[in-house]
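Please look at the sequence and the model while I talk.

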Amino acid sequence: MDVFDPLPLMGGLCLFLRGMNVMGERTEHRTGNGLKALLGRLTNSKIKGFLAGLGVTTVIQSFFATTAMVVGFVNSKGMTLKQSVGVIDAAAQTMDAHAALRTIKQEDPYYAEKGREYSEKYSVSGS
């Protein structure tokens, strides 16, 4: 490990945090009453919030992007923390279901062979 290894990590973390800060500020400025009303209608109950999170995460296929959007909306006061719980819960469960489906699909011989190649290439056991 070199002395300079942590520097790119810290630089990347600083850029990420700055990006989140800018996104929150811009979202706060752009969030009007119409968007707040729409988000309120879509997430006013836990079931509606869950379905909204399920839909968004299914379409964009990214738990992290959904969570980042929700954090931005909560930060800009477009959503309440209570409204965001259902959306983030649905996003996490959607990605869990996606991972389970991918695991089931890996019983296909093509995926089994790719898995063996990967495990041989990146084997930790040293044998």
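I60 is partly exposed, because its relative accessible area is 38%, and that class lies between buried, under 20%, and exposed, over 50%, computed with a 1.4 Å probe and protein chains only. This is a predicted model, in which local features need pLDDT of at least 70 and side-chain atom pairs count only at pLDDT 80 or more, while totals for chains, interfaces and linings use all residues. Residues are numbered from 1 along each chain as its sequence is written, and side-chain values use heavy atoms, with hydrogens and water left out.

I60 lies in helix α3, where helices are DSSP runs of H or I with at least four residues, numbered from the N terminus.

Turning to the chain as a whole, it has six helices and zero strands, and buried residues make up 19% of its 127 residues. Of the contacts (heavy atoms within 4.5 Å) with a separation of 6 or more, 68% are between residues 24 or more positions apart.

Now to helix α4, residues 63–75: its 13 residues should span 18 Å at 1.5 Å a residue, and the end C-alpha atoms are 18 Å apart, which agrees; the expected span is 1.5 Å times one less than the number of residues. Within α4, the buried residues are T66, T67, V70, G72 and F73. After α4 comes K77, with a positive phi near 65 degrees.

Definitions and conventions. Helices (H or I, at least four residues) and strands (E, at least two) are DSSP runs, numbered from the N terminus.
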